[in-house]
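I opened a new notebook page for this model. My plan was to look up a few features, one at a time.

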Amino acid sequence: MPVATIDGAPVWRHRTSRQSLLIWFGWLCLVALFVFCWQVMTRDTIWAFVEDAPRQAADIGSRMFPPRWSYIERLLLPLWDTLNIATLGTVLGIIIAVPIAFLAARNTTPSTLIVRPIALFIIVASRSINSLIWALLLVSIIGPGVLAGVIAIGLRSIGFVAKLLYEAIEEIDEKQVEAVRSTGASGAQVIDYAIVPQVLPAFFGIAVFRWDINIRESTILGLVGAGGIGLQLQASLNVLAWPQVTMIFVVILATVVISEWVSAKVRHAII
Amino acid sequence: MTTTTPRVWRRPPILIQDKRWRIAIYGGLVLYLIAAMASIEVDWVRVYTGLERGWRFVQGFLQPDFTSRWSDISQGLVESLTMTVTSTVVGVIISIPIGIGAARNLAPLPVYAVCRAIIALSRALQEIIIAILFVAMFGFGPFAGFLTLSFATIGFLAKLLAEDIEDIDARQVEAVRATGASWWQLVNYGVQPQVMPRLIGLSLYRLDINFRESAVIGIVGAGGIGATLNTAIDRYEFDSAGAILLIIIAIVMVAEYGSSTVRKWVQ
C-alpha cells in the first residue's frame, strides 16, 4: 500500500510516486499528440466559415421546416428498393460468409497454414471497407442501380457474418462432435449433425443483427448511385430542396427505428 | 428372427415447431425473396460492358500504383489520421459526463432523460447524414469530418459506458459511500476503477471505427482519404484506388491488432 509521510504521520495515497509519474507522462504524450493532430488538421480550415456556422445552421434549419409531407408518395418505391437491397444483400453475404467461416474456424479449417490466413484476410478486407466504398466501386464497374447496392451490401456483410460465425464455431462443445464422429459419421455428417445445431441460434442472431445494420446502410447507398431512398436524398440535396431532405430524414429515421425493433424482437424470440 | 423396425428417425424442426406456421412463414419468406428479386432492374448490356472495367479494378488491386498520386494520397491519409485522433479524444471527453449522466444508478431522473435523449439522437443519425449537414454548415474539409466523428463517438461511447456503469458492483460503491465520501469522490474511487479498463478498450475500438468512417465521409466532402478515393474512382484510375484501399485495409489491420494487444494488457 503506497503511504506518504506528511508531518511525520503516515497518510494513505492512491498510487506510488513512480506510478503517478508514469500516468502523468502518458497523459502528457496524449495531450501532445492531440495538439499536434489538431494543428495539422486545422491548417487549411477557413475559420470565417466556422464562425459563420451558427448563422448557416439557423438558415438551413429555417429552410428544413416544415417537412414536405406530400413528398412521401414519391418515397414509397425507393423505400421498397432499400428494403430489397438490405435483405438480398444480407442473403448474398450469408451465402458467401458461411463457407468462409468454416474455413476460418480453427477446429473446422482444412489447413491452418494456408486456407485459414486467406479466409481471415477476406474477412478483414471485407470488414475494413465500408459498404459506401464498395458501392462507389461497383457503380463505376456495373453501372448505377439496385444491383450494385445489393452486391455492395453483400460484400460488406461477408466479413461481419463470417467473423462472428467462426468465433461461434470455435466455441462449440467438442464432446458432441466426438460423439457423432464415433458413430462413424463422415466429415460432412459431423458438420451437419454436431456443429450446425450448436451454432444455429448464434447464426440466426447474427443474420438478423446484420440485416438490421444493412437497412441502416442501404438507406444512404443511393448517394453514390446504388439505388434506394438515397437517390432521392442526393437529388433533393443537389437542388437544395431542404423540405424534401427533412422528409427523407424522417422516413430514414422511422425505417431504422422499426428495423431495430423488429430485429430485437426476432433475436429475443430465437435466443 | 429379426424384425426391421419401420420407424426411421427424423430430425426435429429447427425453429418453428408448429407445421402450419412453419409453412406459412417459410412460404412468405420465399414469396418475398422472389418479389424482391423480380423488382431489380438490371441492364445486362451495361453489366457486360462493365466487366472489362471490373477486371481492370482487380488488376489495379493486384498491381497497385502508389506513386503517381502519392501527394494526394498522403494528404488524404494525414487528414484522415489527424481527424481520427482528434475526434476520438474530443468524443471520449464529451461522452464521459454524458455516460455518467445516462447511468440510472448515479444520475437523478431528469439528467438521465436528457443524457439518454442525446445518446438516442446521436445513434439514430448515421455518420454520412451528419456529415452532409455539417459540411453544409461548416464548409468543406476535415473540420466538418472532425465534428461528425466526434458527434458519432458520443452516441456509441456514452451508451456503452452508461451500461457498464449500471452493471458495476454496487457493494464497492456502498463501501466508499459508507466512509462519508462526496458524490465526486464516489465516482472517482467507487466507479472509475471498475469501468476504466473497459473504457480504455472501448475508446481504442472507437478509434478503429473512426478511422474506417473517416474513409467514407470524404465522399460527401468532409475531407480525408475518402475524398481522394472518390476522385480516383471517378477518374477510373483503378490502380490508385486499389492502392488506397490496400492502405486502408493495412491501417485497419494494424489498428485492430494493436488495440487488441493493448486491451489484453489493460485487463
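I began with the hairpin of S1(A) and S2(A): two residues lie between its strands, and Asp7(A) takes a positive phi near 55°. This is a predicted model, where local features need pLDDT of at least 70, side-chain atom pairs count only at pLDDT 80 or more, and totals for chains, interfaces and linings use all residues. Residues are numbered from 1 along each chain as its sequence is written, while chains are lettered from A and ligands numbered from 1 in the order in which they are written.

I then checked how the strands join. S1 (residues 3–6) and S2 (residues 9–12) of chain A pair in the antiparallel sense over four bridges. Strands pair if DSSP finds at least two bridges between them. Strands (E, at least two residues) and helices (H or I, at least four) are DSSP runs, numbered from the N terminus. I looked up Thr5(A) and found Pro10(A) as its bridge partner in S2(A).

Next I turned to helix H5 of chain A, residues 131–142. Its twelve residues reach 15 Å from first C-alpha to last, close to the 16 Å expected at 1.5 Å a residue. The expected span is 1.5 Å times one less than the number of residues.

How many residues of H5(A) are buried? I found twelve of its twelve. A residue is buried if 20 or more other C-beta atoms, placed from the backbone, lie within 10 Å of its own. Among them are Ser131(A), Trp134(A) and Ile142(A). They pack against H6 and H8 (187–218) of chain A. From chain B, helices H2 (44–62), H5 (127–138), H8 (183–217) and H9 (225–234) also pack against them. After H5(A) comes Gly143(A), with a positive phi near 90°.

I followed this helix into the core. The largest nonpolar core has 129 residues, and Ala135(A), Leu138(A) and Leu165(A) have the most contacts inside it. Such a core is a set of buried Ala, Val, Leu, Ile, Met, Phe, Trp, Tyr and Cys residues joined through C-beta atoms within 7 Å. Leaving aside neighbours within four places in sequence, Leu138(A) is in contact (C-beta atoms, placed from the backbone, within 7 Å) with Ala148(A), Ile151(A), Ala152(A) and Ala226(A).

Last, I looked at chain B. It has ten helices and zero strands. I noted that 40% of its 267 residues count as buried. Its C-alpha atoms fill a box of roughly 85 × 75 × 40 Å along the principal axes.

Technical notes:
Two residues are in contact if their C-beta atoms, placed from the backbone, lie within 7 Å.
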